[in-house]
Amino acid sequence: MISFYPGPSRIHDKIPQYLTGAVRTGILSANHRSEPFIELSKKTIGLLHEKLRIPKRYMIFFTSSATECWEIIAQSLIKEKSWHLYNGAFGQKWFEYTNRLRNAQAIAFGMNEKIDSKILEGIDDEEVICVTQNETSNGTQVTNSILRFIRRSKPNALIAVDATSSLAGIKLNFRSADIWFASVQKCFGLPAGLGLLICSPRAIARATEINENSHYNSLTFMIEMMKKWQTSFTPNVTAIYLLSRVLEDSPGIADVQQKIEKRYRKWVKFLSERNSLKHLIDTRAVQSYTVVPVAAAPEIIKEIKLKAKDEGMLLGEGYGNWKAGTFRIANFPALKKSEIKKLMSFLEKY
């Protein structure tokens, strides 16, 4: 079965080979305070900096998931309140979860809208602004240029970015924000079970200032441990090892983005030529490069998903308000050209 589901999605072909290597090295039995793990942690973080072009002064932490990062941000980085800009289900979930722990303010905008100065009106410049860079539920993105605009408009705020469906798929301008996080089951082409949290020096300084230390994943404790290349908890060593191997064998992020954007443009053209299908998002400037949402009549959507499964292809369900009238196609690096060609051939008759 070829999985076009936008996470967890298709894993890299070499994962079985990498797993065999992990068993052979003995790393899966290594204590997470031991020298072998410390070397693995140091190597993996170095590769993340190198391959994704993450600034050297930004600290990288291992977590269990992107969802856990919501909690870490709420506990350790928010002084009084956070502001959540969202146009889809996952951005809304981040807001709702944070609001259980802290004072969170929601600013919803349309899925065909860009974030502009009007949307930013009234936001406290001293607090945390939360943005979902790639909204998996509806296939939209907040581009690097918009993130830079938010940074210039609110220079004193900490900007936190959910990049779960884009990290390792497109080149992100990390200096445009202070906190970035993602899980690995999407553009990294790995099984679920590992998250990454990336923090700027400003975010580290804020965590130190607040000095929240009541939880096992309090950022102050995580900082203390990561200075020794260790974690505050027993980590998913298997996933960290697989991440290091995938990064070793992957090209730099500029080359990956070139491939992803080229495929995205092919999908846009392909959908524009269909009779019954269309791209869900009308505004080209906010369309995601890594998640392609396809809209059609509900009966056609149902038929396509069932027939695609019979042909050995798993399509992503529509999500939230768009569940009945859409399906979603992952455009992640691990997918092969031949697999995309097979799906396009299948959809041509629609």
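Predicted model: local features only at pLDDT ≥ 70, side-chain atom pairs only at ≥ 80, totals over all residues.
- The largest cavity holds about 120 Å³ of space, and its lining is made up of 16 residues, among which Phe-109, Glu-113, Gln-141, Val-142 and Val-286 lie nearest the centre.
- Strand S3 (81–86) and strand S7 (140–141) are the elements that each give two or more residues to the lining of this largest cavity.
- Sorted by class, the lining of the largest cavity contains eight nonpolar, five polar and three charged residues.
- The second largest cavity has a volume of about 40 Å³, and the residues that line it are Phe-61, Phe-62, Met-222, Met-226, Gln-230, Thr-231 and Ser-232.

**Backbone geometry**

- Most residues other than glycine have a negative phi, and most peptide bonds are trans.
- The peptide bond that runs from Gly-7 to Pro-8 is cis, with an omega near -10°, and Pro-8 belongs to the loop between strand S1 (2–3) and helix H1 (15–25).
- Arg-53, which is not a glycine, has a positive phi near 60°; this residue is found in the loop between helix H2 (35–52) and strand S2 (59–63).
- Arg-53 is exposed, because its relative accessible area of 54% is over the 50% cut-off.
- Trp-229 likewise has a positive phi, of about 65°, although it is not a glycine, and its place is the loop between helix H8 (219–226) and helix H9 (237–249).
- With a relative accessible area of 30%, Trp-229 counts as partly exposed.

**Ser-176 and Arg-151**

- Ser-176 lies in the loop between strand S8 (158–162) and strand S9 (179–183), and with a relative accessible area of 3% this serine is buried.
- Not counting residues up to four places away in sequence, Ser-176 touches Asn-144, Leu-147, Arg-148, Arg-151 and Ile-159.
- Arg-151 sits in helix H6 (residues 144–153) and is buried as well, at a relative accessible area of 16%.
- Leaving aside neighbours within four places in sequence, the contacts of Arg-151 include Ala-157, Ile-159, Arg-175, Ser-176 and Arg-202.
- Between the C-alpha atoms of Ser-176 and Thr-234, which are 58 residues apart along the chain, the separation is 32 Å.

Note on methods. Residues numbered from 1 in each chain as written. Heavy atoms only, no water. Helix = DSSP H or I, 4+ residues; strand = E, 2+ residues; numbered from the N terminus. Buried < 20%, exposed > 50% of the residue type's maximum accessible area, 1.4 Å probe, protein only. Contact = heavy atoms within 4.5 Å. 1 Å grid on protein atoms, 1.4 Å probe; cavity = no way out; pocket = protein on both sides within 12 Å on 5 of 7 lines; lining within 4 Å. Points joined across faces, edges and corners; volume = space filled by probe spheres on them. Nonpolar A, V, L, I, M, F, W, Y, C, P; charged D, E, K, R; others polar.
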